[in-house]
Amino acid sequence: MFTSLADALPHFRNTNSGQFFLMAGPCVIEGEDMALRIAERVKHITDKLQIPYIFKGSYRKANRSRLDSFTGIGDETALRILQKVSKEIGVPTVTDIHETGEAAFAAEYVDVLQIPAFLCRQTDLLIAAAKTGKVVNIKKGQFLSGEAMKFAVDKVKQSGNEHVILTDRGNSFGYSDLVVDFRNLPEMQSFGVPVVMDVTHSLQRPNQASGVTGGQPALIETIAKAAIAVGADGLFIETHPTPATAKSDGANMLPLDQLERLLVKLTNIRQALQEEGGVTDLGVSGL
C-alpha cells in the first residue's frame with residue numbers, strides 16, 4: 001500500500017500489514033531523553049500492532065502567538081536529536097520547515113520535511129523541499145479546501161519529487177475554532193498521494209485571548225475513528241508523557257499512556273473495513 005513511501009524512507013516498517021501509518025511524537029523537541037523515550041514507546045506499540053511508524057518532532061516552532069512562547073532548544077541541537085532517534089530507535093523522522101533556507105539544512109538530519117498549514121501555498125518553500133529529494137508532507141491550510149491542495153502537490157511533483165503526503169488539520173470555523181470536513185480526505189486521495197488526518201491539531205482552539213492555543217483532547221478518539229472509517233491512509237497524533245507540562249500545544253495532545261488503547265481500536269476499524277472491501281490501495285473508503 002505504501003510502496004512509494006517504503007522505498008523513500010529508511011526504517012519504515014510493517015508496510016505490508018494493510019494498516020494505516022502513524023506520525024506521532026511531541027509537538028517540539030524538548031530534550032534528548034524525552035524524544036528517545038517517546039519514540040521507543042511508540043515504536044514498541046506500533047510494531048506490536050503492525051502499524052508503519054514515523055516519529056514526529058518539530059525542531060523549532062516558528063508560528064507562536066506570543067513572543068515569550070517556547071520555540072525550541074536550538075536548531076542544530078534538536079535536529080541532531082531527531083537524527084539520533086532515527087539511528088537508535090530505527091524509525092524515520094519528520095519535522096517542520098518554515099523558510100527556503102531550512103530545507104537543505106533540515107534534510108541532512110530527517111527523512112520527511114513537513115510544510116506547515118499556514119505555508120502550504122508558499123511556492124519557493126515547496127520547491128526547496130522538493131529539491132532535497134526527501135518525502136514532503138504538506139499540511140492543508142485551514143483556509144483551503146481539499147480540492148485546492150492539488151496545486152501544492154503539483155508544485156512538488158513538477159519540481160522532480162514524486163514523494164508527497166497531504167495532511168488535513170481541519171478548517172477555520174469562526175475566529176477561535178476548527179471543524180473537520182471529512183470530504184477533504186477522499187478529495188485529496190484522488191490526487192494519487194497518501195492522505196493523513198492530523199487528529200490533535202484539528203482539535204485546537206486557536207487565537208485565544210491569552211495567546212495560548214486551547215484544545216479539545218477528549219475528542220481525539222472521535223476524530224481518529226472517523227478518519228479511519230473514511231479511509232485515511234495515515235494519522236498524525238501529537239503525544240507526550242505529561243501533556244500538562246509540555247512546552248508547546250499541550251492543550252490538544254494525547255497522553256502517551258493512552259496511545260496503545262486508542263490504536264487497538266483504530267486497527268480493528270481498519271481491519272473491519274478491509275474485510276468488507278471498503279479500502280482500496282490508496283486507502284479510499286468505499287462506504
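Is Phe21 buried or exposed? Phe21 counts as buried, because its relative accessibility is 0%; buried means under 20% relative accessible area, exposed over 50%, and partly exposed in between, with a 1.4 Å probe and protein chains only.

1. Basis of the note. This is a predicted model, in which local features need pLDDT of at least 70 and side-chain atom pairs count only at pLDDT 80 or more, while totals for chains, interfaces and linings use all residues. Residues are numbered from 1 along each chain as its sequence is written, and side-chain values use heavy atoms, with hydrogens and water left out.

2. Aromatic pairs. The structure holds two aromatic pairs. In one of them, the ring centres of Phe12 and Phe21 are 6.2 Å apart and the planes stand at 80°, so the pair is edge-to-face. Rings of Phe, Tyr and Trp (its six-membered ring) pair if their centres lie within 6.5 Å; planes under 30 degrees apart count as stacked, over 60 as edge-to-face and the rest as tilted. Phe12 is buried, with a relative accessible area of 9%. Phe105 and Tyr109 also form an edge-to-face pair, at 5.9 Å centre to centre and with 80° between the planes. Of these two residues, Phe105 is partly exposed at 28% relative accessibility, whereas Tyr109 is buried at 10%.

3. Asp198 lies in strand S9, residues 195-198; helices (H or I, at least four residues) and strands (E, at least two) are DSSP runs, numbered from the N terminus. Asp198 counts as buried because its relative accessibility is 0%. Its side chain reaches the backbone nitrogen of Thr200 at 3.5 Å. Not counting residues up to four places away in sequence, Asp198 touches Lys139, Thr167, Asp168, Arg169 and Phe236, where contact means heavy atoms within 4.5 Å. Two of these neighbours are themselves paired: Lys139 lies over the face of Phe236, 4.1 Å from the ring centre. A charge sits over a ring if NZ of Lys or CZ of Arg is within 6 Å of the ring centre and within 35 degrees of the ring normal.

4. Leu9. This residue is placed in the loop between helix H1 (3-8) and strand S1 (21-25). Leu9 is buried, with a relative accessible area of 5%. It touches Ile54, Pro92, Asp111, Val112 and Val135, residues up to four places away in sequence not being counted. Leu9 and Lys134 are 125 residues apart in sequence, yet their C-alpha atoms are 8.5 Å apart in space.

5. Helices H2 and H3. The axes of H2 (residues 32-49) and H3 (residues 75-89) come within 10 Å and cross at roughly 35°. Axes are lines fitted to C-alpha atoms, for helices over the stretch in contact, and angles run from 0 to 180 degrees between N-to-C directions. Residues making the contact include Leu36 and Ala39 of H2 and Ile81 and Val85 of H3. Asp47, also found in H2, is buried at 19% relative accessible area and touches Arg13 and Asn14, with residues up to four places away in sequence left out of the count.

6. Helix H5. The buried residues of H5 (residues 123-131) are Leu125, Leu126, Ala128, Ala129 and Ala130. Their cover includes helix H4 (100-107), strand S4 (112-115), strand S5 (135-139) and helix H6 (150-157). Gly133 follows H5, and its phi is positive, near 85°.

How values were computed
A polar contact is a pair of N or O atoms within 3.5 Å; within protein, one must be able to donate a hydrogen and the other to accept it, and residues adjacent in sequence count only if both atoms are side-chain atoms.
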